[in-house]
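Take a look at the structure first, then work through the exercises.

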Amino acid sequence: MSTHRHTISVLVNNQPGVLQRVSGLFGRRGFNIESITVGESEERGLSRMVIVTTGSERTLEQISKQLYKLIDVIKVVDLSASPMVAREVALIKVNAEPSARPEILGVVETFRASVVDIGTSTMIVQAIGDTDKIDAMVELLKPYGIRELSRTGVTAMTRGLGKA
Amino acid sequence: MSAHTSAVVDQDLRSKLLKPDVISGSEILLRSLLLEGVDCVFGYPGGAVLYIYDAMHGNEDFNHLLTRHEQGAIHAADGYARSTGKVGVCIATSGPGATNLVTGIATAYMDSVPLVVITGNVATTAIGTDAFQEADITGITMPITKHSYLVRNVEDLPRVIHEAFHIANTGRKGPVLIDIPKDISAQKTRFEWQEEVSVRGYNPTVQPNKLQVDRLVQAIEEAERPVILAGGGVVYSGAHEQLLEFVNKSQIPVTTTLLGLGGFPSGHELWIGMPGMHGTYTANTALQNCDLLIGIGARFDDRVTMTVQGFAPKAKIAHIDVDPAEIGKTVPTAIPCVGDVKAVLELVNEKVKPARSSAWIHQVQTWKEEKPLRYTDSDTELKPQYVIEMIHEATKGEAIVTTDVGQHQMWAAQYYRFNNPRSWITSGGLGTMGFGFPSAIGAQMGNPDRMVVSINGDGGMQMCSQELAICAIHNIPVKIVVINNQVLGMVRQWQEIIYDNRYSHIDLAGSPDFVKLAEAYGVKGLRATNKEEARLAWQEAMNTPGPVLIDFVVRKGENVFPMVTQGNTIDQMIMGDEE
Ligand SMILES: Cc1ncc(C[n+]2csc(CCOP(=O)(O)OP(=O)(O)O)c2C)c(N)n1
Ligand SMILES: [Mg+2]
């Protein structure tokens with residue numbers, strides 16, 4: 001069976017332990033987590049998790065059904081089933097001796113990223129975009145020497161009126 | 001899900017309980033349990049639940065049984081729940097008390113048994129500090145509970161308890177844990193009880209999709225070789241009558257899984273026994289040759305399907321289950337019917353017409369006659385199968401039978417023929433040794449007027465034998481059978497057949513004299529080593545009003561057949577008498 005990347009949105013009760021319930025479920029049933037983000041949702045008392053996972057259609061169906069069995073899970077939506085906007089933030093601390101800075105700024109500009117800190121020999125670049133864009137940016141900055149990389153993981157929603 | 005749940009509680013007691021007094025968390029707990037209709041709680045005290053036990057002191061309405069181990073308490077609650085259909089309740093203290101419940105929680109979870117498990121914990125101010133007897137029991141049990149609560153505000157207690165009962169005993173049933181820190185059990189608040197339950201993220205499907213029901217009815221009409229695989233869900237949803245009606249109308253042979261035994265009368269001509277690893281020749285052969293397989297409240301466990309790729313290779317599969325996650329989990333399913341088994345069968349029964357199954361039924365009957373379950377009896381040695389058959393005859397198939405895990409469990413499943421649901425209590429999913437005896441105590445507490453027989457191996461009997469004390473002190477009249485083959489028989493069987501007679505650590509030499517063990521607790525003990533003694537001992541046990549332990553010393557090397565070994569499909573059976 002073919003394996004795909006799926007982005008799913010999980011609306012949960014904002015209860016202590018809910019992240020453990022969800023991540024524990026993925027762990028013990030052998031479902032893969034590429035990234036997971038959690039934060040407030042539009043409704044008080046509810047949080048939204050966005051989980052990027054890989055698996056076959058059958059695995060995805062099981063993930064959704066097993067998630068629904070958790071009492072604290074209110075709603076599960078496969079965002080990747082319809083057009084969606086998916087974004088993550090990356091902070092990249094890159095070696096930046098004064099001589100290399102113009103080139104790095106060129107990359108930053110091309111990706112419409114921004115520089116949020118400049119030290120004597122480093123810079124922190126902030127990039128926002130989908131996973132592919134950030135992967136590409138990281139690749140381009142590698143030759144200068146990446147000292148630290150921190151990515152938030154993907155958060156996402158469907159376009160238009162579609163609601164998750 | 002929103003619902004009104006009203007337990008049957010005496011009106012006077014009810015109004016007394018509902019008074020809006022300012023009371024402690026512990027008193028709230030006891031009142032709430034009584035309002036849920038709980039008539040018997042199994043438990044064991046300790047530091048973190050001292051306020052709760054203090055509240056029990058002198059409380060005439062609350063019935064608590066002190067077991068001798070927390071594992072005994074939870075298995076007893078489990079046996080109570082399986083035999084009555086009500087929620088079983090147990091209580092333990094924090095730390096070691098709570099962790100001693102873990103096996104019992106997992107046992108109930110695997111077999112979808114409704115329990116409310118109450119644990120104490122250290123005070124909220126001490127949680128997270130590695131305090132004395134602190135254990136993160138909600139964390140430990142997350143994968144083996146349907147839901148759990150750590151109560152942080154005493155005002156939440158009545159709602160939490162009410163929700164816990166609702167969640168445990170609706171949809172796919174299961175254990176719910178409530179962890180109560182010590183300070184919460186001491187704090188006082190005004191008692192407010194609400195009948196209404198509303199849990200937003202919980203909405204089990206009861207009524208099935210009508211289109212799928214129509215497809216099922218259509219498939220049955222077209223089927224020539226249909227089989228029904230009925231599991232524990234039939235028993236749990238109280239759908240035994242609907243299943244009988246369904247079978248009679250559709251003319252489809254039925255196999256009942258280990259947990260489904262009793263969900264269909266074994267005397268019915270279309271019953272073909274249990275399927276799977278130790279299933280009947282007829283059930284396994286029918287499954288492998290059927291063109292339509294209707295799973296009803298059964299989850300296609302690997303002990304039923306064995307090698308799943310080769311399971312029921314010619315069948316279109318229909319599956320009726322309350323848990324949507326079971327559909328398609330292990331076998332590809334053509335017709336999914338998600339809903340309460342009873343509700344689904346009621347709908348199906350309105351429309352169903354007979355399958356074109358007469359030639360098939362004839363074929364199935366031939367298999368049944370040619371290859372029945374059988375064993376070679378002996379006049380010199382006592383055979384375990386004989387003991388089970390004898391107990392079946394003497395109790396006319398009307399007893400509640402609980403078992404432990406091993407060969408004796410399989411012989412009990414094969415040779416005790418059940419007529420009624422909720423009469424067979426066994427740990428199927430987890431296969432928990434130590435379950436058989438304490439679960440019988442719970443079953444007897446829930447069914448004071450029925451005969452309860454607990455069938456154990458000589459190994460498993462030693463895993464919870466301490467509960468003989470409870471039988472003795474409360475005169476709980478369980479008939480405790482030990483099928484004493486002097487070995488860990490089921491392990492021995494695997495070592496003989498699969499590991500080339502290399503017997504490794506299966507000898508139970510050093511076991512106690514079970515008769516003396518019983519007597520040490522003040523329970524009558526009897527022993528039988530041949531058929532004559534067996535009949536006499538059983539007669540005496542039946543005529544004894546209180547608890548009795550009977551040690552049936554049986555042949556050591558006897559094996560359970562048919563047997564399908566791992567890696568094979570269910571029609572590749574070792575029959576045991578054909579070499
Ligand atoms: C708690 C636990 N430990 C180990 C096992 C593995 N096991 C399954 S059957 C069995 C042998 C049981 O022996 P006995 O109770 O004498 O029953 P018999 O098979 O001889 O009838 C064992 C060790 C188990 N099921 N449960
Ligand atoms: Mg044994």
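Predicted model: local features only at pLDDT ≥ 70, side-chain atom pairs only at ≥ 80, totals over all residues.

Residues are numbered from 1 along each chain as its sequence is written, chains are lettered from A and ligands numbered from 1 in the order in which they are written, and side-chain values use heavy atoms, leaving out hydrogens and water.

**Exercise 1.** Find the domains of chain B.

*Solution.* Chain B has domain 1 (2-197), domain 2 (210-370) and domain 3 (384-553); such bounds come from an automatic or database domain assignment.

**Exercise 2.** Describe the interface of domain 1 and domain 3 of chain B.

*Solution.* Start with contacts (heavy atoms within 4.5 Å): 25 residues of domain 1 of chain B touch 26 residues of domain 3 of chain B. Next comes buried area, the accessible area (1.4 Å probe) that two parts lose on being put together, summed over both. Here that area is about 1,900 Å², and carbon and sulfur atoms give 67% of it. On the domain 1 side, B:Arg68, B:Arg82 and B:Ser83 supply 28% of the area buried against domain 3 of chain B, more than any other three residues.

**Exercise 3.** Count the salt bridges across this interface of domain 1 and domain 3 of chain B.

*Solution.* Look for a side-chain nitrogen of Lys or Arg within 4 Å of a carboxyl oxygen of Asp or Glu. Between domain 1 and domain 3 of chain B, this rule finds zero salt bridges.

**Exercise 4.** Name the element that gives the most residues to the domain 1 side.

*Solution.* Helices (H or I, at least four residues) and strands (E, at least two) are DSSP runs, numbered from the N terminus. β4 (64-66), α4 (70-84) and α6 (102-110) of chain B each supply at least two residues to the side of domain 1 that touches domain 3. α4(B) gives the most, with 11 residues.
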